[in-house]
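Please keep the sequence and the model at hand while reading.

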Amino acid sequence: MINPVLARELRERMRTGRAFVVIGVFLALLILTVFLVYQGRQSTGVIEFDLARQTQLGRDLYEWVLFVMLALVLFFVPGLTAGAIAGERERQTLLPLQVTLLRPRSILIGKVLAGMSFLVLLLVAAVPVTVVSYLLGGFRLIDGLKGLLAVVIVAILHTTMVASLSAFTRRVQTATLLAYGFTALLVLLGPLMYVTMGIADSSHGNDQANPPAVLVAVNPFSVVADITTGATSTGESNPLRAIRSGVAEAKANNNDSWFAWFPEDDIGARFRLVNDGPSGLPAWVVGLAGMTLLAGGMAALATRRLRTPAEVER
Amino acid sequence: MSEHVDGEVMVELLEPEELPGEVADGPELAVRATGLTKRYGTLVAVDRMDLAVPRGSIFGLIGPNGAGKSTTFAMMATLLRPTAGSIEVMGANPAHKPRTVRRRMGYMPDSLGVYDNLRVDEYLEFFAASYGIPRAEWPELVGGLLELVDLAVKRTAMVNSLSRGMKQRLSLARALVHDPELLVLDEPASGLDPRARVELRELLRSLNGMGKTIVIASHILAELEEMCSDVAIMEAGRLLASGPPRQILQQLGGARSIRVRFADGTAETFTVADDADQASLLRRLVVDDERDVVEFIEESGGLEQLFMSLTEGIVQ
């Protein structure tokens, strides 16, 4: 039997016009991105019957679409999912649900799956827009699919985190604010810490040590940027390429960890997961692993929060 | 209606220092609490309560706001764990076997939580699924429940289009979706207009007639008096009295006022101690004095009088 919470959520979501508005806005912004990038390159004469430049445009378009798609997903998920459990509390429907035979984890799974299903629908709807850049060439199909898959996985993990956060508030408004704050931290905290630690390092007078690259790796944009490294590294600059360069630089510098400040050098070694050496893991693997751990931990806490006080005390 | 426990009328008038005391035992009880206590820090929400709800009864839990009624219900409904004492619902401990209790009990909290973007039938189907009822059974189940709560004509209406009274009935149908033996209803008539209250009362009587035990909390004492076979009165977390209302009144030594109106238009009020006294008054007036009695009404406040006699207006 399909998870009852999932079935009900999907029914409610698709019944309100909000879902179609979100899909419409999402697609419109992606199409606008394609249009603006295309127009921008055309006005600089980049694509005039030059196959190499056309493929470069295809690559650029793809990376822009991927970047905007991820940014939109990160923007829409808190708005769509923050009320998952807080909404149940606010409209006082959680109590009747808790006295049914549904287990707390089923309630959370239903909520997360509903959010994921909608996101997958959103991303599938965006495939035709991505195909435009593929038709121009510049990247392999497998690279294109890898990028899309990375966005889907990051979106799923982000949905899990936001739905879990929702279990800790009683009001949808609070939950939404919390979710946006959390998303901002997820995106900005690591890079900011990396930069801050770098500055602290240089002021310390030991320029040979660098902050651990894991700080920039556990980041939605880094994951997507790093996983799409394959095809080209040349061409017009775009946000995804800039992020990729930043992650690559952090990886290259990671061998001299910031933690080498400490007397015992082996402390630093623990933080050198992300490096260019043969034993180093790719940044996207570390990033996804970090986000999965975070999402899993948050989901476990949310499940506990969804138990009735009687079950918690048991 | 009161002879539920081994043929004996069970009436308890408890002084706080007597608690916890003996309560009726055995499988005839739908709910049995012994020394039930719930504390939140220094606040004692429920204080050493002994409660026995006979199976097949309509049991009213009465008390002012903050008396501990909802906390007691939450402990029955597997939502809260007692700080001390024990409680059994349909023979199972809600804290240890919540799913067993949930299978046999339907709970309607005092808040009216419904999903506005669902149709009435979808709403009930959702809860049927949440109780693991096979999909093939849903149409018949939902149809039957909607007939029972008189919402059959609203089957495909959106929940948000229903009146408050209809939503209350829908909530009741939700609590019945898994055919529980025990219904725990927290203030089900709150906010209802007089017609909706009457309809709800009739519905609860029908459910009781179907063999379901109903435990109900309400502020509308007159309504409970008409409906309940047994009551328990709470104040400041303590159970003050429990049993059939008339029996409690008698134990309290409360005399009844009888208002008699005669054919000549005059009226007099008499005081009687009990049923026998009341019967002899009527016989004396009609047979001995040969007066033309056109109205003979017990004027006692009933449950209200009982409630006022027992409670002191203590607020926690």
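Which residues line the second largest cavity? They are B:M108, B:P109, B:D110, B:S111, B:L112, B:Q168, B:S171, B:R174, B:D186, B:E187 and B:P188.

**Basis of the model**

This is a predicted model, in which local features need pLDDT of at least 70 and side-chain atom pairs count only at pLDDT 80 or more, while totals for chains, interfaces and linings use all residues. Residues are numbered from 1 along each chain as its sequence is written, chains are lettered from A and ligands numbered from 1 in the order in which they are written, and side-chain values use heavy atoms, with hydrogens and water left out.

**Confidence in chain B**

The average pLDDT (the predictor's confidence in each residue, from 0 to 100) of chain B is 83, and 84% of the residues score at least 70. Among the elements of this chain, helix α3 (residues 120-130) of chain B has the highest mean, 95, whereas strand β1 (residues 12-13) of chain B has the lowest, 44. Helices (H or I, at least four residues) and strands (E, at least two) are DSSP runs, numbered from the N terminus. Over residues 1-26 of chain B, pLDDT stays under 50, and the model has 63 contacts beyond four places in sequence for this stretch; a contact means heavy atoms within 4.5 Å. Where pLDDT is low, the predicted coordinates should not be read in detail.

**Cavities**

The structure holds four cavities of 30 Å³ or more. On a 1 Å grid over the protein atoms alone, a cavity is a set of points where a 1.4 Å probe fits but cannot get out, and a pocket is an open set with protein on both sides within 12 Å along at least five of seven lines; lining residues have an atom within 4 Å of a point. Grid points are joined across faces, edges and corners, and a volume is the space filled by probe spheres set on the points.

The lining of the largest cavity consists of B:P188, B:A189, B:R197, B:L200, B:R201, B:L204, B:I216, B:S218, B:E223, B:L224 and B:M227. In the second largest cavity, the largest share of the lining is three residues from helix α5 (residues 164-175) of chain B.

**Pockets**

Of the 23 residues that line the largest pocket, A:R89, A:L95, A:Q98, A:R170 and A:P309 lie nearest its centre. At least two lining residues each come from α4 (83-90), α5 (94-98) and α15 (309-313) of chain A and from α1 (69-76) of chain B. The second largest pocket is lined by 19 residues, with A:E9, A:R13, A:R18, A:L80 and A:R91 nearest its centre. Two or more residues of that lining are given by each of α1 (4-15), α2 (18-43), α3 (51-81), α4 and α6 (104-125) of chain A. The most, five residues, come from α4(A).

The table sets out volumes and lining classes. Ala, Val, Leu, Ile, Met, Phe, Trp, Tyr, Cys and Pro count as nonpolar, Asp, Glu, Lys and Arg as charged, and the others, Gly among them, as polar.

| Space | Volume | Lining residues by class |
|---|---|---|
| Largest cavity | about 50 Å³ | seven nonpolar, one polar, three charged |
| Second largest cavity | about 40 Å³ | four nonpolar, three polar, four charged |
| Largest pocket | about 640 Å³ | nine nonpolar, six polar, eight charged |
| Second largest pocket | about 470 Å³ | five nonpolar, six polar, eight charged |

**Chain A and its helix α11**

Chain A has 15 helices and zero strands. Of its 314 residues, 48% are buried, where buried means under 20% relative accessible area, exposed over 50% and partly exposed in between (1.4 Å probe, protein chains only). Among contacts in chain A with a separation of 6 or more, 80% join residues 24 or more positions apart.

Why is helix α11 (residues 220-227) of chain A described as largely enclosed by the rest of the structure? The reason is that eight of its eight residues are buried. At the start of α11(A), a side-chain oxygen of A:N219 reaches to within 2.9 Å of the backbone nitrogen of A:F221.

A:A225 is found in helix α11 of chain A and is buried, with a relative accessible area of 0%. Leaving aside residues up to four places away in sequence, A:A225 touches A:L240, A:I243 and A:R244. The C-alpha atoms of A:A225 and A:S245 are separated by 8.9 Å, and these residues are 20 residues apart along the chain.

Key: Polar contact = N/O pair within 3.5 Å; in protein donor to acceptor, adjacent residues only side chain to side chain.
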